Amino acid sequence: MTDWEGPLGEAYGRAVAYLEGLPERVVGPRGTAGELREALGGGLPQHPADAREVIADLAKGVEEGLLPSGSGRFFGFVFGGATPAALAADWLTTTWDQNAGLYAASPAAAVVEEIAASWLVELFGLPSGTSVGFVTGAQMANFTGLAAARHAVLRKAGWDVERDGLIGAPAVRVLAGAERHDTVDRALRFLGLGTSCVVPIPVDDQGRMQADALKDALNDEGTPTIVCAQVGNVNTGAIDPIEEICDRAHAAGAWVHVDAAFGLWAAVSPQLKPLLKGIDQADSWATDAHKWLNVPYDSGLVLCAHPEAHRAAMSVRASYLIHDEHGERDPLEFNPEFSRRARGFAVYAAIRALGRDGIAEIVERCHAMARRFADRLAAHGVAVLNDVVLNQVLVRFGDDDELTRAVVRGVQEEGTCWMSGTTWQGKAAMRISVSNWTTDEQDVDRSAAAVLAVAERLG
């Protein structure tokens, strides 16, 4: 008989030990690439091996190369951690091993996605009937939302892009802020529109799109146009004036897509929701459940107020596929994958375990901890470059690029916490992202002290 208990028991024990050790674990990988190759490599195995030993060796081999992004003191990127319910559901997802492409392949996965989708639409305050696709991350969420947008604006111009492609099609313009995320440009490359279709719209000193400049750019009437707005600048967390953008774009016949990888979750917070005024007026949205919902990777979400455009851009029919005769939801009609992981289980479990109030508490606490971080550093003369509107803090040391980069490296090497570096308006900066459901005041105070100690040591 197959031995499930051996390898699964080994994995469980090591997983719990890892999770329970996160609060005191050094935050950062410690092994070099060479050391990892030596521990894990070797020639191609020729003979079977004991599965439990394989798992034990794997866990030991990767130990020094893991980046503990689930730590409450990890601030390097906009990564969340994994709540217990979400992680447990993700383990079951792997065990059940469902192909969530068709209802026929997994009725359970399809129905759970349908339920979780309705909860998400309600949480975000989006129009009833908004369609939802469960994708890998913000990259594919932006890709899918922009595919729906491409379909809609070209259909309006009398062109069937799914049938006829782009050769000979009317040119499409994409108006996007100069501080847009790179996943937007990459999605446009994937979609065959290319980055030259982008008309950069000027932004203010926080990275917010200037609505007056957008108005001027929209004057070219008759050209199929997509406007890409942003909720949560990757550096500053700044939020575009969504309501004004939607009003002006729709008056010009344009589609509005919102890149809101982490910022859309602010809609769940009574405190922060006013910052997203007009968010329900957009046409499509991209976000990540593995950010502020703290669901394990991968778990992106695309939402569309026009399900017919969403489905037209993504759906497929083939003689060998079994499409439910009663019209049940086939997930592949809303995302670009055929065979796919059943991502809805973890999202369902996270929402069910936290509820609206629990999600709002995580968002508001992360916001409060970001402000606390900024206050602690500013009190010691560190320059805070942004208004802390969500969870991003951007700081600079001594108005010096080299010192700032050295502090970032020094903090990463010291290990109390982990931040990443960035370039903001031509200057080096440290970027602090507070997204983990476990981060508390002690984490922030301990991390701020470590940052200040490194900065003082370096001058």
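A polar contact is a pair of N or O atoms within 3.5 Å; within protein, one atom must be able to donate a hydrogen and the other to accept it, and residues adjacent in sequence count only if both atoms are side-chain atoms. The model is predicted: local features need pLDDT of at least 70, side-chain atom pairs count only at pLDDT 80 or more, and totals for chains, interfaces and linings use all residues. Residues are numbered from 1 along each chain as its sequence is written, and side-chain values use heavy atoms, with hydrogens and water left out.

N233 sits in the loop between β4 and α10 (242-251). Helices (H or I, at least four residues) and strands (E, at least two) are DSSP runs, numbered from the N terminus. N233 counts as buried because its relative accessibility is 0%. The classes are buried (under 20% relative accessible area), exposed (over 50%) and partly exposed (in between), with a 1.4 Å probe and protein chains only.

Helix α3 spans residues 51-62. Its 12 residues reach 17 Å from first C-alpha to last, close to the 16 Å expected at 1.5 Å a residue. The expected span is 1.5 Å times one less than the number of residues. D50 caps the N-terminal end of α3, with a side-chain oxygen 3.1 Å from the backbone nitrogen of R52.

Strand β5 (residues 255-259) contains V258. V258 is buried, as its relative accessible area is 0%. Its C-alpha is separated by 8.3 Å from that of V227, 31 residues apart along the chain.

Several backbone features fall in loops. The loop between β6 (284-288) and β7 (300-304) holds D298. The peptide bond from Y297 to D298 is cis, with omega near -5°. N294 is found in the loop between β6 and β7 as well. Phi of N294 is near 55°, a positive value in a residue other than glycine. N294 is buried, with 0% relative accessible area. Q425 lies in the loop between β10 (420-424) and β11 (427-433). Its phi is near 50°, again positive in a residue other than glycine. Q425 is partly exposed, at 48% relative accessibility.

Cysteine pairing was examined next. A disulfide is taken as a pair of cysteine sulfur atoms within 2.5 Å. The count by this rule is 0 disulfides. C246 is in no disulfide, and the nearest cysteine sulfur, that of C228, is 12 Å away. C246 counts as buried, at 0% relative accessibility. C417 is likewise in no disulfide; the nearest cysteine sulfur belongs to C366, 15 Å away. C417 is buried too, with a relative accessible area of 0%.

A cavity is a set of points where a 1.4 Å probe fits but cannot get out; a pocket is an open set with protein on both sides within 12 Å along at least five of seven lines; lining residues have an atom within 4 Å of a point. Grid points are joined across faces, edges and corners, and a volume is the space filled by probe spheres set on the points.

The whole structure has 2 cavities of 30 Å³ or more. The largest cavity holds about 60 Å³. Of its 13 lining residues, G177, R180, C228, A229 and Q230 are closest to the centre. Strands β2 (173-177) and β4 (225-230) each give two or more residues to this lining. β4 gives the most, with 3 residues. The second largest cavity has a volume of about 40 Å³.

The largest pocket holds about 1,700 Å³. It is lined by 48 residues, of which A15, Y18, L19, L87 and W91 lie nearest its centre. Helices α1 (5-21), α3, α4 (84-96) and α14 (441-458) each supply at least two lining residues. The largest share, 9 residues, comes from α1. The second largest pocket has a volume of about 310 Å³. Its lining has 20 residues, with H181, V234, A261, D288 and K291 nearest the centre.

Key
On a 1 Å grid over the protein atoms alone, a cavity is a set of points where a 1.4 Å probe fits but cannot get out, and a pocket is an open set with protein on both sides within 12 Å along at least five of seven lines; lining residues have an atom within 4 Å of a point.
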